Amino acid sequence: MKYKLIKGIFSKKGDRIRRMKNGKDQKIRIRIRTEDIMLAPSIIVLIAVSIFPTIYLLYATFFNYMGSVDKPVYIGLENWIKIFKDMEVFNSWKVTLIYAFVSLTLETIIGVGIAVLLYTIPKARNIFLTLWMLPIFVAPIVTGLLGRFMLNSSYGLYAYLLNLIGIKRDLLGSTGSALLCVILMDVWEWTPLITIVVLAGLEAMPTAPLESAEVEGATYLQKVWYVMLPLASRSISVALLIRAMDVMRFFDAIFMSTAGGPADTTKIIGLRLYEVAFRFGDIGYAAVIGISMLIVTTLLGRIFVKLWYSGGGEYSA
Amino acid sequence: MLRKRGLIICYSILTVAIIWSLTPIVWMILSSLKVEANMFSMPPVIFFRPTLGTYIYMFTEGGFLLYLRNSLIAAVVTTFLSLILGTLGGYALARGKYKRQKDIAFWVISTRMMPIAAAIVPLYLMFSKLHLIGSLFSLIFAYTTFDLPFCLWIMMSFFADLPVDIEESAFVDGATKWQTFYKIVLPQVLPGFVSSGILAFMFAWNDFAFASVFTSPDTQTIPIAASLLVSQTGIQWGQAMAIGTIIVIPMLILGLISRRYLVRGLTMGALK
């Protein structure tokens with residue numbers, strides 16, 4: 001190297017000044033393209049809203065904030081050691097897993113089923129789909145509120161109807177049914193998402209395979225199983241991944257309906273973190289839980305990006 | 001594809017599905033129009049004289065306008081910022097031939113997928129250091145963690161779909177990249193632009209978790225107002241249902257407007 005960089009700044013023209021060994025300055029032209037100027041603000045803001053907070057989250061795991069938020073005490077790996085022995089956090093992961101698994105299974109079965117049925121009736125498809133998908137737009141906090149209202153044992157509509165067929169209990173208040181109730185709330189809100197995604201996949205698929213199945217005398221169920229579902233499989237996986245990540249993202253509905261109770265049976269991991277941080281004030285420990293959640297969502301994100309880039313085919317559904 | 005009997009089964013299942021998905025929403029709206037006495041009577045009262053009493057109370061004595069104002073400011077500013085930055089950035093990423101395009105894309109998507117609970121903690125620490133807790137700025141900043149990567153990514157997928165030829169011929173005719181961008185490219189993605197904006201707005205409008213930590217009585221948003229009605233002693237269901245209705249109705253309308261690009265928005269452009 002004949003010269004070394006001494007000023008990393010850009011001059012007005014976008015030149016970079018380098019000082020040669022013999023002491024003379026040399027201008028080296030750096031091309032800044034219009035695209036770079038367009039991208040720069042987003043990148044700067046993204047660093048502020050994502051990279052910096054993530055580093056801060058990691059940093060916070062080494063401190064104890066219980067005494068004061070402004071003057072945390074350095075405690076090394078204590079929070080990290082604690083999480084491996086914490087049965088409550090372990091239990092929350094278990095609840096999250098059950099919650100995610102059961103709701104995603106139900107949502108897939110019902111959502112795909114409805115999509116196939118809607119695909120079967122082209123004429124009435126639009127109106128049915130429009131009405132079916134309305135819950136998607138309901139704020140999760142309102143879903144929680146509604147769950148609580150509809151299931152209230154003394155004046156809830158659903159509780160009343162269940163009462164008529166002999167089910168008499170405090171549905172959100174008993175350990176046996178609360179998790180099922182919050183799962184059904186999730187199913188109510190998000191099954192239509194699976195439906196619209198899968199339906200879009202079905203609508204994008206070529207009609208030739210269906211027609212040839214028709215010629216060969218396949219029954220309706222055979223067509224669904226052997227032709228439609230395989231062709232829609234990518235859209236099903238995309239929808240499932242999105243939902244899996246959203247289960248990690250949100251906890252509003254559960255917060256509003258059961259607040260994680262009774263006896264922590266509905267306390268998914270996000271809600272646990274929220275409580276640890278803002279009810280018990282143990283922000284350092286909450287940060288460790290946050291890191292563990294980030295690891296899971298990053299893994300899911302990786303799979304998602306792979307799927308995303310695999311969609312460049314003829315019909316990307 | 002189905003014969004008559006099959007079709008009947010098909011329509012019946014769909015009807016049941018729709019009753020299931022609509023009942024809570026309809027029940028909420030009906031309850032918000034009832035007087036308290038009717039609201040709690042079981043068997044349920046279906047025919048009643050609707051009253052706007054709850055709404056009138058909320059807007060006059062209930063101080064609801066403040067919540068509405070806060071919600072609107074936070075959601076509108078966030079959407080506006082994210083959409084402008086995201087559209088520019090999305091275009092640059094789609095056309096700029098960056099070597100690390102995939103890495104940037106992965107970074108963007110992981111930001112979008114960041115669990116709210118995990119994002120709240122560092123933001124809370126940052127804001128309390130800077131004494132920003134309780135300001136609408138903190139809320140806007142928090143919503144941007146989701147809305148910017150969302151808009152950037154979706155707009156990128158829209159731009160990537162456009163054929164490059166038109167832009168190239170514009171360059172040949174002597175247009176600058178900026179001119180090409182807003183005179184030729186932007187009009188073509190306008191519907192996508194609007195629906196991404198709607199979904200970004202919806203996220204901010206519907207949020208509860210961030211707002212529950214970052215707001216003070218002056219800056220509380222509508223979802224917080226809803227949660228405040230729940231107390232140890234009980235819930236003011238009349239107002240709760242009215243607030244729920246006010247949160248939900250505009251989103252239903254906006255959601256249906258953006259329907260055409262909904263799949264794309266909800267799947268982050270993985271499906272079109």
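I count two residues as in contact if their C-beta atoms, placed from the backbone, lie within 7 Å.

**Entry: ground rules.** I am reading a predicted model, in which local features need pLDDT of at least 70, side-chain atom pairs count only at pLDDT 80 or more, and totals for chains, interfaces and linings use all residues. Residues are numbered from 1 along each chain as its sequence is written, while chains are lettered from A and ligands numbered from 1 in the order in which they are written.

**Entry: where the chains meet.** I looked up the contact of the two chains and found 80 residues from chain A and 78 residues from chain B. On the side of chain B that touches chain A, helix 1 (residues 4–32) of chain B gives the most, with 12 residues. Helices here are DSSP runs (H or I, at least four residues), strands are runs of E of at least two, and both are numbered from the N terminus. I sorted that side of chain B by class and got 60 nonpolar, 15 polar and 3 charged residues. For the classes, Ala, Val, Leu, Ile, Met, Phe, Trp, Tyr, Cys and Pro are nonpolar, Asp, Glu, Lys and Arg are charged, and the others, Gly among them, are polar.

**Entry: one helix pair.** Next I picked helix 1 (residues 34–60) of chain A and helix 4 (residues 64–95) of chain B, which pack at an angle of about 125° with their axes 8 Å apart. The axes are lines fitted to C-alpha atoms over the stretch in contact, and angles run from 0 to 180 degrees between N-to-C directions. That angle makes helix 1 of chain A oblique to helix 4 of chain B. Oblique is what remains after roughly parallel (under 35 degrees), roughly antiparallel (over 145) and roughly perpendicular (65 to 115). From helix 1 of chain A, the contact residues include Met38(A), Leu39(A) and Val45(A). From helix 4 of chain B, they include Leu85(B), Gly89(B) and Tyr91(B). This contact divides into 9 nonpolar, 3 polar and 2 charged residues.

**Entry: chain B by itself.** I found 14 helices and 2 strands in chain B. Its C-alpha trace spans about 70 × 65 × 30 Å along the principal axes. Chain B is divided into domain 1 (4–51) and domain 2 (54–266), with bounds from an automatic or database domain assignment. The centres of domain 1 and domain 2 of chain B, taken over C-alpha atoms, are 31 Å apart. Their contact takes 7 residues from domain 1 of chain B and 8 residues from domain 2 of chain B. Helix 1 of chain B supplies the largest share of the domain 1 side, 5 residues.
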